[in-house]
Amino acid sequence: MTHSIAFNFEDGVTRFIDANAGETVADAAYRQGINIPLDCRDGACGTCKCFAEAGRYDLGEEYIEDALSADEAEQGFVLTCQMRAQSDCVVRVPVSSDVCRTQQASYDATISAVRQLSDSTIALSIKGEALNKLAFLPGQYVNIGIPGSGQTRAYSFSSLQRDGEVSFLIRNVPGGLMSSFLTGMAKAGDSMSLAGPLGSFYLRDIRRPLLLLAGGTGLAPFTAMLEKIAEQGSEHPLHLIYGVTHDFDLVELDRLEAFAARIPNFSYSACVASPDSRHPLKGYVTQHIEPKHLNDGDVDVYLCGPPPMVEGVSKYIGEQGIKPANFYYEKFAASAA
């Protein structure tokens, strides 16, 4: 039996390894060519101290207090030379991937579908045998090469990887390199390259209610997260508020409706900021956050949207006198070129 270990490095690179039953995480990493910080291997020096963000594990009993204090262990710090995984785990490594002699993985694949969901949003699906080996945490992003330009753009996965296929929601930026390619030239079978995964915005273990706030194509990481939640279930309530500027920006509502049918504790609402909107809910996402969604602070808030939205939500929650248990966010800005 093996467990998947995701290493998140401080430069944003994520790499996955498999750890065998009873194998220490450090031994598994070195066996697969990832040289995480390590010195004594005996739990005495603390060089291999990392932070376990998700998963179950045996911390071991051979380390000393100077290497890992009881308070640190309670918080989630681990010594990878002693840690043995008992489930899939996510481990934050406090150095760059370069220091560990690893780098983000690259994949070659082809376009399987391009659909213009609205004037402002494009759905892109990419498929290839190499992508069967692509692993990522729902919520993360990847850099996609724009054919013929030598440039890349970062997009969050909007789906999990299934049968070597992944999908993305991409904002249609007039004159943008990626937008111009996808709307003017792209067709099924065209080659594309991906590099990643990257990012610290991803779904953690669900230990309390979740409030998910999406702005525009910031919906993408949440549909990937909801696919994962639909698979594993959740005993805690989950609510998504999806905000856009204009009525035509609203996409994937049928998909959200399907998630609401599959996930018993999941609900969602969508709102449109434009005063000319004909949508039932108008205004910004902050106008539709109810006290029950913040649960007196016993809530994990996930937010993905443009910088003004991130700043507005942060200010609003502070004004309510609420401090969420955790507040994870991803700011994005569309490239103009």
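**Close-up views of a predicted model**

**View 1. Helix α7 against the sheet.** Helix α7, made of residues 307–319, lies across β14, β17 and β18. The helix runs at about 150 degrees to β17. The structure shown here and in the other views is a predicted model.

**View 2. The open sheet.** Five strands make up an open sheet, in the order β16-β15-β14-β17-β18, with parallel pairing. At its edges are β16 (266–272) and β18 (326–331), each of which pairs on one side only. Direction ignored, neighbouring strands of this sheet are turned by 10 degrees against each other on average.

**View 3. Pairing of β15 with β16.** Strand β15 (residues 238–244) runs parallel to β16 and is joined to it by 7 bridges. Within this pairing, Leu238 stands opposite Phe266 in β16.

**View 4. The largest nonpolar core.** This core has 31 residues, and Ile5, Phe7, Ile34 and Val93 touch the most other members. Two or more residues each come from β1 (2–9), β2 (14–20), α1 (25–31), β3 (49–54), β5 (77–79) and β7 (89–93). The most, 4 residues, are given by α1.

**View 5. Surroundings of Ile5.** Apart from neighbours within four places in sequence, Ile5 is in contact with Arg15, Phe16, Ile17, Ala19, Val25, Ala85, Cys89 and Val91.

Notes. Residues are numbered from 1 along each chain as its sequence is written. This is a predicted model: local features need pLDDT of at least 70, side-chain atom pairs count only at pLDDT 80 or more; totals for chains, interfaces and linings use all residues. Side-chain values use heavy atoms; hydrogens and water are left out. Two strands pair if DSSP finds at least two bridges between them. Axes are lines fitted to C-alpha atoms, for helices over the stretch in contact, and angles run from 0 to 180 degrees between N-to-C directions. Contact means heavy atoms within 4.5 Å. A nonpolar core is a set of buried Ala, Val, Leu, Ile, Met, Phe, Trp, Tyr and Cys residues joined through side-chain atoms within 4.5 Å. Buried means under 20% relative accessible area, exposed over 50%, partly exposed in between (1.4 Å probe, protein chains only).
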